[in-house]
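Trainee: I am new to this structure and would like to go through it step by step. May I put some questions to you?

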Amino acid sequence: MRRAGLLWAVVAGLILPLIPLALWSVARGWRFPDVLPPDFSMVPFHYVFGPVSGVLPALWTTVLVAGVTTLLSLLIGVPAGRALGMHQFWGRGVVEAIVLAPIVVPGIAVVLGLHGVFIGLGLTNTIAGVVLVHLIPVLPYVILVMAGVFANFDSGLEDQARSLGATGWQVMWHVTRPGVAGGVIVAGLFAFLVSTGQYILTLVIGGGRVETLPLLLFSFASAGRNDIAGAIGVIYVLPGVLILLWTARRITGRGAAWMVRP
Amino acid sequence: MAGPAVIVIAALFGVGLVAGILRSWGAWGDVLTSARVWAGLAISLWIGLASTVMATVIAVPAALVFRAGFRGRGIALFLFQINLTVPHLVGALGVLYLFAQSGSFARLAYHAHLITGPAEFPALVFDPGAVGIILTYVWKEVPFLGLVTLAALQGLDSDHEGAARTLGATRARAFWHVTLPLIWPALARGMIIVFAFTFGAYEVPALLGQTYPQALPVLAWRSYTDVDLAARPAAMAMALLIAGVSFALIALYMRLGRR
Amino acid sequence: MTAVNVAGVMVTYPGADRPVLDGVDLDLADGGLTVLLGPSGCGKSTLLRVIAGLIAPDAGDVCIGGASMRGVLPERRGAVMVAQGGLLFPHMTVAENVGFGLRMRGMAQGAVAAAVDAVLAQVQLAGFGARRPAALSGGQAQRVALARALVVRPRVLLLDEPLSSLDAHLRRDMRDLIRGLQRDSGITTLLVTHDLIEATAMADRLALMLDGRIRQVGAPEAVYARPVDRDVARFFGAVTFVPGRAHGGVFDCALGQIRVPDDARDGPGALVIRADAVQMGAGENALTGVVRARVFLAGQVRLDVQAGAVSLQVMLSLHQAAGMEVGASVALHVPRDGLWVVD
């Protein structure tokens, strides 16, 4: 089938940029005009995991920031998602617009203004400040995903449980929780990815003191260290691919695409 | 129940915006008469428009093929989605290694005797047309728009396309007159999000852009970090310019939702 | 001439272990209305889609007007499908919906408008052209869908459960409208339904489909009175099957010597007794029994009667059932015309 062939070509094109990246991470002395590296080595990875590169501390910072951001977002985002997904209420349009705004408005548009305020509050150059600013893209994301999850959840089940004598907490634990747990996990994993993908917000509020993986990657890349950048890139990509592998089957149906926009 | 979340978003977002407006006071005259700013706005709009259109033109047919089904669809769909989780910065690096004047394609061109040295390969990164930036965004957004379209196609509750075919519409006309209008609200919302992102994101043009004119987000950040602190209000004004375009897009998005 | 001939059509959906259409043969007479009857999930709608060209069969062929449709695209077949619920395009007005097929054929705008007005009047919806499908009732939407199909003057009309989305009181009107329009236009029509009453009321010819196969084709009354096997009989409401042996118009079984139609098959088999064939009082094939249960069914009464070793169901009018309470002894008879013998 010709159309399937064209599609495979598109898929190949989408994968293509990842190949030189992976090659660079194990290349040695790869100069123009060699199409493939003349020699392979693990030197870039040794350097990356060594004490000089600063990758391990950056990795730790990235995970810490993303982890805390994700937990906070789930804590306040899941109830909001439930409200948007299951209920009609007065002012709903305004709430939707507020939730939508950070998804459409680029980070640079608000973070410069926030910077001045955060200086006054002593939040610049701190992990806390970076977590706070990461909430701007992550929280709306969690809310929208959870709104989709709750929209697919039949609230009749809760009513049924209530009429069978369950208390509010019992309903939540025995009926609602099993119904949406999968969605919460997926939302959390991708929220984590959204946070690890932030560049400009971290740069402005972290002021270079809070150094996450993307910041390090950017500096090695602009310094022309292709091998090191390649190795960091590989490390950076892996968690997302693993998460996608694990969740690919869970993400189906209407609104699925919105789940995966880290 | 939406209260705490709305307060957090509104506070962070609103404070950033209001502080920006207050601190940009006085810089607007200079910013709006600056050739650099207008050139930056133009290049950013070009990047957003070209990326969105190209990604859509690839993504929609891809989604149609995915809906029709074929051998190996599951694997193809997984590979198609991979980029969704790959950070933009990594994609930009990949594009750099492929399309730079000493990149993989230049090397292949050398071996095919099309060029005799890196300098002869056309500049596709750090170039005035922002080709490298656009390629990065297309690479990243095709899967997103593809999945948005696929979800919309699968969400069509019944076979309007089949009805159109038996009434005499060819495959192409059934798509154009029936299927496309039905998926348009979802697709348009996806396109708006893609445009807003590619118009206003910082790191890709910062890595792959040329030195002049710079994309508006890059210009804003460079002004903000200028040694001359007097440039900061101008940076705020540029950031608000970006916000202004985005808010127009939100209005468009909400209007699409209402229909 | 636009007779339709379906021969040996096989369809298996990807991933399914049984074919949904398992060697279907069916001939539609030119200009007639054939009803394809069967329970939901038996493959009826799939067969419609095969004829329309929306599904390519794994084997077999469809001929329209004597020409093979193998490889012919849906838009070239002249076989228009009216789907369940109408499937109106929600983003177009009623007039745009109805004119769609003509526009696809490149007809000029003025001519399209005139044709649309005419056909809307035919389905009693004159003046509805500017409305949106969302503003229509179920019956109106179904009529628009019918108009949208008729206006292109199809060679074959394929109707998929056209009445199932309608309220009971609208069904008869719609049934008469479809029947009338079909007779007037003389378009070869295949109508799919799972509803026995709808099917028998509308069909020139009835085809009964079970489990992906056509089991019996014929005039509705013939199929009803002379089912070819137990499954067909059961589908038409028969619940009592008495095993025994037939010979020369007499069936020997637990009820005794029962007279059956002369054309019933000889040999071992089962006597089919439909509830509406049993009558009260004395007469041919007289029986006695005891009422075990009595159920009032909106104007009719169903009695479960134990006649010796055989349990019978009897449908009576309210008037006939007077005094027949549980435990009462009753005299019944079953005229032979209401009986039949199957395997």
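Trainee: Which residue stands opposite Val156(C) in β8(C)?

Mentor: This is a predicted model. Strand β7 of chain C covers residues 156-160 and strand β8 of chain C covers residues 188-193. The two pair in the parallel sense over five bridges. Within β8(C), the residue opposite Val156(C) is Thr188(C).

Trainee: Which are the edge strands of the open sheet in chain C?

Mentor: The sheet has six strands with mixed pairing, in the order β6-β7-β8-β3-β9-β10. An edge strand here pairs on one side only. In chain C they are β6 (79-82) and β10 (213-218).

Trainee: By how many degrees are neighbouring strands of this sheet turned against each other on average?

Mentor: The value is an average over neighbouring strands of the sheet. The direction of the strands is ignored in it. The angle is 20°.

Trainee: How many helices are there in chain B?

Mentor: From the N terminus on, the elements of chain B run α-α-α-α-α-α-α-α-α-α-α-α. Chain B has zero strands. The number of helices is 12.

Trainee: What percentage of the residues in chain B is buried?

Mentor: A residue counts as buried if 20 or more other C-beta atoms lie within 10 Å of its own. Chain B has 259 residues, and its C-alpha atoms fill a box of roughly 70 × 65 × 30 Å along the principal axes. The buried share of these residues is 56%.

Trainee: Which chains have the most contacts between them?

Mentor: Two pairs of chains touch. Chain A and chain C are joined by no contact, and their closest C-alpha atoms lie 15 Å apart. In one pair that does touch, 78 residues of chain A are in contact with 76 residues of chain B. On the side of chain A that touches chain B there are 64 nonpolar, nine polar and five charged residues, and the most contacts are between chains A and B.

Trainee: Which element gives the largest share of the side of chain B that touches chain C?

Mentor: Here 16 residues of chain B are in contact with 17 residues of chain C. Two elements of chain B give two or more residues to this side, α8 (160-166) and α9 (171-200). By class, this side of chain B has seven nonpolar, six polar and three charged residues. The largest share, six residues, comes from α8(B).

Conventions
Residues numbered from 1 in each chain as written. Chains lettered and ligands numbered in written order. Predicted model: local features only at pLDDT ≥ 70, side-chain atom pairs only at ≥ 80, totals over all residues. Contact = placed C-beta atoms within 7 Å. Helix = DSSP H or I, 4+ residues; strand = E, 2+ residues; numbered from the N terminus. Nonpolar A, V, L, I, M, F, W, Y, C, P; charged D, E, K, R; others polar. Pairing = 2+ DSSP bridges. Axes fitted to C-alpha atoms, helices over the stretch in contact; angles between N-to-C directions. Buried ≥ 20, exposed ≤ 12 C-beta atoms within 10 Å, placed from the backbone.
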